Each structure stands twice: as structure tokens, then as C-alpha cells.
Amino acid sequence: MSSPANDPFGRPAGDDNPAFLSANRSGALAPDQKQFVQARLLPGLIGALFAGVVLLPLLICVGPGMAGGVLLSSPADSPDDWLPLLFLGFIAFVFVSVAGAALWGAWANGLALLDLNTGRVESGDGRLAWNGREYRGEVEGRRLRLLRGDERLPGAYRFYYLPRSGFILTAERLFLGGLEADGEAELRRALGGVFNWREDDQPDNAAGRLSDRQRAAQWWALGRAALVGGVFLVPFLVAFGVVFPYVFVVRDWLAGEPVEAAAWIPALCAPAFVLAFAAIAVASQVNVFRDLLAGAVESVEGPVTERAITTGSGRSRRTRYYYEVNDQRFQVSAVALQALVRGRRYRLYFLPRSKRVIGVEPRGA
């Protein structure tokens, strides 16, 4: 499923609703504003709660078995007895991490729904600034959050927000001596941080090549991705590539017992699956490797359209994010979509084979 081209996060079109802004100035919600805000809070709340509801029972099922195995085991047990516990421990850690993140994400949205019931709005002067993953409002004593899909040029604002959850409802730009240029600089900083791009890289990129700093950074990023992928794969390599063959085939073979024909199926299929997955992961980085060897850079300039495309459903559901400019499409991260402010021109620098974006230069409105 594809979202509208200019609305990958369900963004409201245009500027703040004048009726909403007028009501917020008086410290209240407009009559239709509650439903408007709820529509942007509920998807995140439902998604987070669903993830927690699904994952917590799985953890409850795995946890007692793992705890019982640890309590009943002893140092004299053979390594065979400990391997399943190690695997269960890894699975339990994944469940705890994902469920915790899901429920934590639901907390702020739940507070916002309580705020909407009180109908009170607070205001404060501050700045919209990039925090490394998203734009946050900064007023004295606290940080504020944009509603799902809200997008604004960074800079100085008077914010109108929900008091407990800190979600920004509306905002008014404050133009006080060069703040528009300051907002443009913050936009450059945000995009530069996302793509690890600096102004010093621009002359080399404009000449069609990677700068020395970029070349080193890209090689390091490729090595880091390989390391992270390796760490992620190690438990599966151990479980499916070592434990499965040992339990189903090797153990009986070493003991001199006959190995049943049916035992060869899991013993061989499990390692084959892991190796196939690893091969796909390596193949996805081949073009990046070739690009870094060549060191060539291409660029394209124009208005950038943001797009999010969702495929699959249920557990196989996956969303990919893209920049589209001059009939070319570049896959980026969700953070990259958050950093870009639509309605402006940009120059994208990218590696030609892999289409990896290595830098985005704002070119004005």
C-alpha cells in the first residue's frame, strides 16, 4: 500500500487551521480540534499497545521455561543442557526490549488523550530544533513533541501545546532579526547529521567524487553494518547452524548410534536457511562496495517529494521511505523523512549504482 506522495506520515495539508490557532491563543481547544488531534494519536497508540499485547504473552510463555531451566540446572550439567537456555535467554531479551519500547511509545499518546479531555492548552516561546532523530520544540524547562506527521521549518516559535504530554498543537513563527536564516541553518544541520554530510564535502561532491572524509566514513559505515549484522546473526548461526545439526545428527553419530533419516531434514535445512539469509544480506551491499571502490558521486536537484510505501500485512508488514525528485526515487530512513522539510528545493548527492544518498543540500524555498 502506498501513502499519498506528499503525505507519508498523514500530515495535515497547509498551515495551522486559523480556528484552531485562535482558540489555542486563549488557552482552549477549538470545537473540532479534539477529533483532529485524536486521529493523529490513535494510530501510534493502537500500534504500540498491539505490539505490547502480542509480545508480553510470548514473554510469559518463554520466561517460566527459561527460569525453571536455570533453577534446575547445575554446574555439573553438560554443555548440551545449557545451549537451549542460552537460546531462550536471547529470545526473552528480544521480547522484553520490543515490548518495553512498544509500551513506552504508548505512554505519551495516552497522556495526550487525557490532556484532550481536560481541554486546556499552554503556550510558550522557544525553538524548534533537531535532536538527532526528530524535531523537538524547546521552551524553558521542557521539550515538546510534534504530532505524528506535523512538519515545520526549524526556528523560533510561540508554541501552543498540551500541558502533560507536551504535544504541539499549533505554533506561530517568531521573526526577530535573522531567524529565518537561522531556521535554514538548523535544517542544514539536521540533514547533515542524518547523512553525515558537511559543507566541506560540497566541492568534491559537486565535482562528482567522494571527499576523503566521506570515503573513510562510508567505508567505516559499511564495516559497522557488517559487524552489527554479524552480531545479530551469531545467535542464529549458533542455534541453527551448530545446535540443530549437533542435537539431531552429530550427537547420535558420536555416540555410535544410528541416525534416523528424518533427523537430517532439520539438521540440514536450518543451516541452509541461515546461510541463505546471510547471502542475501551480503548481496544487498555489493553495489555499495562497488560504489566506494569507484568513488564517483552523482547529483540531482529540485523539489523533493516524500513517500512511504507499505507492503505486506501482519508480521510481514514493512514500510519503506523514499525521496522522489525529477522522476528518480531514493530509499532513505524514516529519520531522513523526518529531517526534510517539504516545500523547498534540495540538491541530493548519491552513489550511482546503489542509489545511496550521501548528502542533501537545501537550496532555498
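The questions and answers that follow concern a predicted model.

Me: Which element gives the largest share of the lining of the second largest pocket?
Reply: The second largest pocket holds about 1,400 Å³ of space, and 33 residues line it, with Ala225, Ser284, Gln285, Val288 and Arg356 the closest to its centre. Among the elements that give two or more residues to this lining are helix 4 (179-195), helix 7 (264-283), strand 9 (328-332) and strand 11 (357-362). The largest share, 11 residues, comes from helix 6.

Me: How many residues of the lining of the second largest pocket are nonpolar, how many polar and how many charged?
Reply: Among the residues closest to the centre of this pocket are Ala225, Gln285 and Arg356. Taken by class, the whole lining divides into 19 nonpolar, 10 polar and four charged residues.

Me: Is Val332 buried or exposed?
Reply: Val332 lies in strand 9, and, leaving aside neighbours within four places in sequence, Val332 is in contact with Phe195, Tyr321, Tyr322, Tyr323, Leu337 and Val357. One of these, Tyr321, is 11 residues away in sequence, yet the two C-alpha atoms are 5.5 Å apart in space. Because the cut-off for this class is under 20% relative accessible area, and Val332 has 11% relative accessibility, Val332 counts as buried.

Me: Which residues have the most contacts inside the largest nonpolar core?
Reply: In soluble globular proteins, nonpolar side chains tend to be buried together. Here the largest nonpolar core has 44 residues, and apart from it lies another core, of 16 residues, among them Leu21, Leu41, Leu113 and Tyr160.

Me: How many residues of strand 4 are buried?
Reply: Strand 4 spans residues 155-161 and pairs with strand 1 (residues 122-130) in the antiparallel sense over seven bridges, where Arg127 stands opposite Ala156. Strand 4 is mostly covered, and the number of its seven residues that are buried is six.

Me: Which residue takes a positive phi in the hairpin of strand 4 and strand 5?
Reply: Strand 4 and strand 5 (residues 167-173) run antiparallel and are joined by five bridges, with Ile168 in strand 5 as the bridge partner of Tyr161. The hairpin has five residues between the strands, and the residue with a positive phi, near 75°, is Gly166.

Notes: Residues numbered from 1 in each chain as written. Predicted model: local features only at pLDDT ≥ 70, side-chain atom pairs only at ≥ 80, totals over all residues. Heavy atoms only, no water. 1 Å grid on protein atoms, 1.4 Å probe; cavity = no way out; pocket = protein on both sides within 12 Å on 5 of 7 lines; lining within 4 Å. Points joined across faces, edges and corners; volume = space filled by probe spheres on them. Helix = DSSP H or I, 4+ residues; strand = E, 2+ residues; numbered from the N terminus. Nonpolar A, V, L, I, M, F, W, Y, C, P; charged D, E, K, R; others polar. Core = buried A, V, L, I, M, F, W, Y, C linked by side-chain atoms within 4.5 Å. Buried < 20%, exposed > 50% of the residue type's maximum accessible area, 1.4 Å probe, protein only. Pairing = 2+ DSSP bridges. Contact = heavy atoms within 4.5 Å.
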